[in-house]
Amino acid sequence: MEDEPRLVTGTAGVVDRLMGWVILVASACTLGMLILATTPWEAPASALGGIAALTGWCVSPYLGLAAVRRLARSPGQRVLSLVVSAGTASFGLLVLGDVLVVHRGLLNALVTMVVPGYQWGAVLAGGAAVLIWRLAQRGESAP
């Protein structure tokens, strides 16, 4: 029951690196949009804790995607993880970009609280699919 080494080459390596870039760029863009929208340098000191909590909540799904990336072992699992990452990142960037940058407002700011919940739903569903796939492969290889 030895897992393959983490150093991957070929197509699986390309997919793995691409997924890493998707996660990195999406989390950096989310962080940038939040900084642009909240302007923490102009906020009173009493609001900085709330801004930090909101930022942590909005960036947290990308930590979940990184865990799913580590969970995927076979090339098919890596492709599934990439699809989940790209979909989750695209949804988050499109919606947050709209409500934080394009159409600013207090009501739109409430959407910022909900988007990471939907992203976490996608992350957990993708992670469960990869885990079930891994367990099924492990069951097939058992004597």
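**Figure 1. Helix 3 and its kink in the predicted model.** Helix 3 comprises 28 residues, from residue 75 to residue 102. At 1.5 Å a residue, this helix should span 40 Å, and its end C-alpha atoms lie 38 Å apart, which agrees with that expectation.

**Figure 2. Packing of helix 1 against helix 3.** Two packed helices are described by the angle between their axes and by the distance between those axes. For helix 1 (residues 10-38) and helix 3, the angle is about 15° and the axes are 9 Å apart. Because angles under 35 degrees count as roughly parallel, helix 1 and helix 3 are described as roughly parallel to each other. Their crossing is left-handed. The residues of this contact comprise 21 nonpolar, four polar and two charged.

**Figure 3. Helix 2, its kink and its buried residues.** The 24 residues of helix 2 (residues 48-71) should span 34 Å at 1.5 Å a residue; the end C-alpha atoms are 35 Å apart, in agreement with this value. A kink of about 35° is located at valine 59 of helix 2, shortly before proline 61. Proline 61 is itself buried, as are Cys58 and Ser60. The buried residues of helix 2 also include Ile51, Leu54 and Thr55, together with Tyr62, Gly64, Leu65 and Val68. An α-helix has 3.6 residues a turn, so residues three or four places apart point the same way.

**Figure 4. Threonine 39 in the loop between helix 1 and helix 2.** Most residues other than glycine have a negative phi. Threonine 39, although not a glycine, has a positive phi of about 35°. This threonine is found in the loop that lies between helix 1 and helix 2. Threonine 39 has a relative accessible area of 21% and is therefore partly exposed, since buried means under 20%.

**Figure 5. The chain as the setting of the close-up views.** The chain has four helices and zero strands, and read along the sequence, its pattern is α-α-α-α. Its C-alpha atoms fill a box of roughly 65 × 25 × 25 Å, taken along the principal axes. Of the 143 residues of the chain, 34% count as buried.

Methods:
Residues numbered from 1 in each chain as written. Predicted model: local features only at pLDDT ≥ 70, side-chain atom pairs only at ≥ 80, totals over all residues. Heavy atoms only, no water. Helix = DSSP H or I, 4+ residues; strand = E, 2+ residues; numbered from the N terminus. Expected span 1.5 Å × (residues − 1). Bend = angle between axes of the 7 residues up to and from the residue. Axes fitted to C-alpha atoms, helices over the stretch in contact; angles between N-to-C directions. Parallel < 35°, antiparallel > 145°, perpendicular 65-115°, else oblique. Left-handed = near helix turned anticlockwise from the far one by under 90°. Nonpolar A, V, L, I, M, F, W, Y, C, P; charged D, E, K, R; others polar. Buried < 20%, exposed > 50% of the residue type's maximum accessible area, 1.4 Å probe, protein only.
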